[in-house]
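Have the 3D view open while you read.

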Amino acid sequence: MKINKKSYDGVARIFDFMRGGDMRRWGPDQRALFKNLKGRVLYIGIGTGQEIVNFPPGLDITAVDLSYAMLTRSHSRVQNYNGRIHRCQMDAQATAFPDNTFDTILTVCVLCSVQQPAICLKELKRVLKPDGELVMFEHVLSKNPVYALILKFMSHITEYLEGTYLDRDTVNNAEMAGFKIHSHKNVYLDIVKALRANH
Amino acid sequence: MEKAYKMNLKIADFFIGTFAGSLVALVVYLVLSTQPNMLIAMVLGGLIGMVLVMPLTILLMPFVGAFEVMIPLGIIGMGVGMTTGMLSAIPAISGYAVIAWGDLAGFTVAMLIYFSNKHLINQ
């Protein structure tokens with residue numbers, strides 16, 4: 001199934017429910033990672049804004065998402081945030097921002113959903129300032145063959161249900177795009193990771 | 001409060017593993033207890049287990065987390081399914097023994113993943 005704006009719009013209604021368990025598990029790890037957000041922040045794939053509650057206060061955030069339905073559902077969380085969040089509907093693979101715009105770029109479970117993660121990461125590198133930082137909270141394919149087999153099998157189902165691929169090699173993709181990963185923490189097994197990278 | 005909640009989720013992981021193991025064992029035993037060929041019973045048991053844990057995974061994912069359910073249940077579905085399939089083909093074995101094996105195997109998988117996770121997140 002090809003994932004596009006329309007499929008994300010369809011998922012928006014049940015997105016909060018489907019991600020409820022993950023949010024309960026990942027809260028403390030996300031808060032620890034999000035402490036690194038600073039300056040002008042680009043938040044890729046805001047979705048329904050579930051992670052906003054874990055952001056430190058007072059940030060200046062530009063949040064983008066491909067789906068209008070997702071952006072609409074993020075409204076109350078954006079309003080309740082003690083800082084500034086400006087939302088726009090945009091494709092992360094081809095943003096409208098000029099080069100070297102942002103001090104920090106944040107992705108949370110986005111690189112598992114974009115069609116071309118390598119292209120997306122190159123685009124993020126373009127809009128990130130030379131001394132900026134890419135902060136990623138992503139799930140990847142495990143290096144353990146048993147876990148990897150299950151993830152590859154389940155990837156067919158999650159791709160169909162909500163457009164998520166479970167077999168992405170995001171660490172390698174980021175390095176291929178020219179990022180240097182300087183902080184790498186496993187959150188659950190070697191599947192869910194908190195990563196920080198720079199140019 | 002949050003620490004207690006995380007602890008509850010960890011306890012839930014063990015409960016889900018044990019429950020999934022016994023459920024797979026029960027269904028495999030009911031379907032394959034008349035199967036005389038151990039090899040066929042093993043293959044069919046693995047398939048039944050995998051099919052059985054799929055809806056259970058989708059059902060539990062929103063409540064306890066996608067990967068925390070998907071990984072153990074994937075292993076339990078195939079592993080417990082295959083082993084209980086073989087056990088079910090033994091004529092003298094009781095259904096209770098097969099289910100007890102499913103319980104134990106499910107709990108063991110949950111425990112192995114718990115320690116594997118502990119090791120990996122401390123790396």
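Below is a short tour of a helix pair and of a chain-to-chain contact in this predicted model.

## Two helices in chain B

Start with helix H3 of chain B, residues 66-88, and helix H4 of chain B, residues 95-121. Their axes come within 10 Å and cross at roughly 150°. An angle over 145 degrees counts as roughly antiparallel, so H3(B) is roughly antiparallel to H4(B). As for handedness, the crossing of H3(B) and H4(B) is right-handed.

## Who touches whom

Now zoom in on the side of H3(B): the residues that meet H4(B) include Ile71(B), Pro72(B), Ile75(B), Ile76(B), Val80(B) and Leu87(B). Across from them, H4(B) brings in Val98(B), Trp101(B), Gly102(B), Ala105(B) and Val109(B), among others. What classes of residue make up the contact of H3(B) with H4(B)? There are 11 nonpolar and five polar residues, and no charged ones.

## Where the chains meet

Zoom back out to chain A and chain B. Each puts residues into their contact: 28 from chain A and 28 from chain B. Between them, the two chains bury about 2700 Å², with 68% of it on carbon and sulfur atoms. Which residues of chain A lose the most area to chain B? They're Arg24(A), Arg25(A) and Tyr188(A), and together they account for 28% of what that side buries.

## A salt bridge across the interface

One salt bridge turns up across the interface of chain A and chain B. Arg25(A) forms a salt bridge with Asp13(B), and the closest N and O atoms are 2.6 Å apart.

Key. Residues are numbered from 1 along each chain as its sequence is written. Chains are lettered from A and ligands numbered from 1 in the order in which they are written. This is a predicted model: local features need pLDDT of at least 70, side-chain atom pairs count only at pLDDT 80 or more; totals for chains, interfaces and linings use all residues. Side-chain values use heavy atoms; hydrogens and water are left out. Axes are lines fitted to C-alpha atoms, for helices over the stretch in contact, and angles run from 0 to 180 degrees between N-to-C directions. Helices (H or I, at least four residues) and strands (E, at least two) are DSSP runs, numbered from the N terminus. Angles under 35 degrees count as roughly parallel, over 145 as roughly antiparallel, 65 to 115 as roughly perpendicular and the rest as oblique. A crossing is left-handed if the near helix is turned anticlockwise from the far one by less than a right angle, and right-handed if clockwise. Contact means heavy atoms within 4.5 Å. Ala, Val, Leu, Ile, Met, Phe, Trp, Tyr, Cys and Pro count as nonpolar, Asp, Glu, Lys and Arg as charged, and the others, Gly among them, as polar. Buried area is the accessible area (1.4 Å probe) that two parts lose on being put together, summed over both. A salt bridge is a side-chain nitrogen of Lys or Arg within 4 Å of a carboxyl oxygen of Asp or Glu.
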